[in-house]
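User: I'm new to protein structures and would like to learn how to read one. Could you walk me through it, feature by feature?

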Amino acid sequence: GGNITCSIVLNATASCPIGAEFDFFQTSSAGNVLFEADPQVTINSKNDNLNLAGQFSSATIKKVGENEWDLMGDLT
């Protein structure tokens, strides 16, 4: 869909192994998929972009540290 917020929380709250990847694909033209992080969590992305660009955009987020993620894809 669209108009969704994906919250990235502390490892202590919801853990998954380093190296885990999650794929996202926006099917709706309504709104955007936004990625947001707890204050102690880092999301690395080009130009600090955290939104899927629109309908049919995709992104992958990969855990690279205990509270650090890399976000790659069609972002704005």
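**Reading the fold, step by step**

Analyst: Let's begin with contacts. In the protein chain, 66% of the contacts with a separation of 6 or more are between residues 24 or more positions apart. Keep in mind that this is a predicted model.

User: How many helices and strands does the protein chain have?

Analyst: Zero helices and six strands. Reading from the N terminus, the order is β-β-β-β-β-β.

User: What radius of gyration would a compact globule of 76 residues have, and what does the protein chain have?

Analyst: The idea is to compare the chain with a rule for globules. A compact globule with 76 residues would be near 11 Å, and the protein chain has 12 Å, so the two agree. Along its principal axes, the C-alpha trace spans about 35 × 20 × 20 Å.

User: Next, the inside. Which residues make up the largest nonpolar core?

Analyst: Here you look for buried nonpolar residues whose side chains are joined up. The largest such core has twelve residues, among them F35, W69, L71 and I61. Strands β1, β3, β5 and β6 each supply at least two residues of this core. Over the protein chain as a whole, 28% of the 76 residues count as buried.

User: Now charged pairs. Which side chains meet in a salt bridge?

Analyst: You check whether a side-chain nitrogen of Lys or Arg is within 4 Å of a carboxyl oxygen of Asp or Glu. By that rule the count is one salt bridge. The partners are E21 and K62, at 3.7 Å from N to O. E21 sits in strand β2 and K62 in strand β5, so the pair ties together parts that are 41 residues apart in sequence.

User: Are those two buried, partly exposed or exposed?

Analyst: E21 is partly exposed, with a relative accessible area of 46%. K62 is partly exposed as well, at 29%.

User: Last one: how many disulfides are there?

Analyst: A disulfide is a covalent bond between the sulfur atoms of two cysteines. In this model the count is zero. Take C6: the nearest cysteine sulfur, that of C16, is 11 Å away, while a disulfide needs the sulfur atoms within 2.5 Å. C16 is likewise in no disulfide.

Definitions and conventions:
Residues numbered from 1 in each chain as written. Predicted model: local features only at pLDDT ≥ 70, side-chain atom pairs only at ≥ 80, totals over all residues. Heavy atoms only, no water. Core = buried A, V, L, I, M, F, W, Y, C linked by side-chain atoms within 4.5 Å. Buried < 20%, exposed > 50% of the residue type's maximum accessible area, 1.4 Å probe, protein only. Helix = DSSP H or I, 4+ residues; strand = E, 2+ residues; numbered from the N terminus. Rg over C-alpha atoms; globule rule 2.2 N^0.38 Å. Contact = heavy atoms within 4.5 Å.
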